Structures are given as structure tokens and as C-alpha cells.
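Here are my notes on the model, as numbered points. Please read them with the structure open.

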Amino acid sequence: MATSGVREDKYRTFLYGEGEKNTKWRYGSPPNYDDVNKLFEEGRTKVWPSGSLEEKVQNLVKTWEMEMFHKTCFDDYKSVDPKNYTFSLNGRKPVTLEETRKLGGGYNTFLQTTLPEKFRAYNPDEETVDSAQVAFTTVFPRGFALEVLQVYSGPPVIVYKFRHWGYMEGPFKGHAATGELVELYGMSIFEVDEHMKVVKVEFFIDRGELLGGLMKGATLDGSTAEAASTCPFLRGTG
């Protein structure tokens, strides 16, 4: 069978094609999810039927995550309504897209904390979106896969349980790689409008579950840690 020759991703929309020809990508071009898709397919615990609510929610979350991490212009977001969108972590006050950017964006959005600074294994206040991306793509060179474990309600208020996982195959904040599986479980609520655009997101996670798994390795000296953190390959999340 002939194909169009246009690249596609099995789990994400708004990534390739004519509609993205003018998209402003954070690193100059669309992210490559081949490695994390392979990790997902090898490590997932659920295989949802094609067309099921669970599959649709899972793909929506992956698409949303891709846009949040890799598109720099709010007008290029197609999975959300940029004007009405808000995000909240662990019951905190909802923030707009612009306010999310001020928090550091990317991983920093999910790792906000009220811990005193001396107890922060990872301090989002000291990280940029780029430094955070380097840190996590270094520690998870094959990516940080995502699967939806259960959907409790469908649109317009989608409530679901999820699992993120990856293998600590690189150093993290002065700790050597262990090669061990690191997992993060959580709950989330996505509210969508009549056009299936996301207008409200809430996440409930324990950041210590993730960071604890990344602090088990032996302590590295400063020069080793610095050299390892300069990895130039910024692979996908989810």
C-alpha cells in the first residue's frame, strides 16, 4: 500500500504535517519520540483497545504533554484553549499558561514545592525550562514513558490514574546512574470544552516518589557531574 510519506506519531497529534509547518519548536524542530514510544510499548501494563475511551485519553495526555514541553508559542497549542487554560498542582491555586512559563515550564511545573531550600533535592526555583530538560533527558536517555492506568470519568471532566516510568541510565544532580526502574504514579483531572480543547488541568503527585528514585546512586564529584549534565540530546517525555 502506498503511503503519503508524511511522518506520523502513533500516540500524538499536532506534531507533524501541514498544520505544523509554522510551529515554533523549542529546539528548532519537532521532538523525536521513537525511543520513548519503544519504552512505552515494552513496559506498559495496559494495552487499551483501539478507539476506547482509555486510548483516547492516553493519546490526549501525550499530545498535551508534547505541546507543553516543546512548543514555545501559545498560539501553536492545539490540544488546549490558550485563553481559558489553567493548571494546578496538588491543589495549589490555578495558574495560566503565562504564569506556568514564569514557574519555569516543563518539568519545573510538576516539581513545585514548599520545602525549605536546604531540603530540596531538586529546586525548580533555580532551574530554567532548558536546564530541567537537560537534567531529565540525561537521567532518562530513553525517555520518561506515560501510560493511563484507569479512566474514572469521560469528557467533559476526565479523571484518570497514570504511571510514568523510565530507567536511571544517566546521572542526576550529583548522583551516579543506577540503571534502576524509576516510577511515578498519580491522578489527574482534565476538563475539556465542546471542541475537546483542554481548559483546566489538575495533577496530584508526590514529587518525592520520583526524586527519591533518582538520589540512590553514588555521589559524584563536581567535575564528573558537570560533564555528564552537558548531554546535547533532548529526547521526548511521555
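**Notes on the fold and its contacts**

1. Strands S2 (145-153) and S3 (157-167) pair in the antiparallel sense over seven bridges. Pairing requires that DSSP finds at least two bridges between two strands. Helices (H or I, at least four residues) and strands (E, at least two) are DSSP runs, numbered from the N terminus. Val151 has Tyr160 in S3 as its bridge partner.

2. A word on the basis. This is a predicted model, where local features need pLDDT of at least 70 and side-chain atom pairs count only at pLDDT 80 or more, while totals for chains, interfaces and linings use all residues. Residues are numbered from 1 along each chain as its sequence is written, and side-chain values use heavy atoms, with hydrogens and water left out.

3. Most residues other than glycine have a negative phi, and most peptide bonds are trans. Pro155 and Pro156 are joined by a cis peptide bond, with omega about 15°. Pro156 sits in the loop between S2 and S3. Lys173, in the loop between S3 and strand S4 (181-192), has a positive phi of about 45°. Met196, in the loop between S4 and strand S5 (198-205), has a positive phi of about 65°. Lys173 is partly exposed at 40% relative accessible area, and Met196 is partly exposed at 41%. Here buried means under 20% relative accessible area, exposed over 50%, and partly exposed in between (1.4 Å probe, protein chains only).

4. Helix H5 (residues 129-139) is largely enclosed by the rest of the structure, because nine of its eleven residues are buried. Among them are Val129, Ala132, Gln133 and Phe136.

5. The structure holds 20 aromatic pairs. Rings of Phe, Tyr and Trp (its six-membered ring) pair if their centres lie within 6.5 Å; planes under 30 degrees apart count as stacked, over 60 as edge-to-face and the rest as tilted. Trp64 and Phe110 form an edge-to-face pair, with centres 6.1 Å apart and planes at 85°. The two are 46 residues apart: Trp64 is in helix H2 (residues 53-70) and Phe110 in helix H4 (residues 107-110). Both are buried, Trp64 at 1% and Phe110 at 15%. Ring pairs link them into a cluster whose members include Phe136, Tyr160 and Phe203.

6. Look at two charges over rings. The criterion is NZ of Lys or CZ of Arg within 6 Å of the ring centre and within 35 degrees of the ring normal. Arg163 lies over the face of Trp165, 4.0 Å from the ring centre. Lys62 has its charged end over the ring of Tyr11, 5.7 Å from the centre.

7. The whole structure has 16 salt bridges, each a side-chain nitrogen of Lys or Arg within 4 Å of a carboxyl oxygen of Asp or Glu. Arg7 and Asp34 meet at 3.1 Å, N to O. Arg7 lies in the segment before helix H1 (34-43) and Asp34 in H1, 27 residues apart. Asp125 bridges to Arg120 at 2.9 Å; Asp125 is exposed at 53%, whereas Arg120 is buried at 16%.

8. Which residue forms a salt bridge with Glu180? The partner is Lys216, with the closest N and O atoms 3.9 Å apart. Glu180 is partly exposed at 39%, and Lys216 is exposed at 58%.
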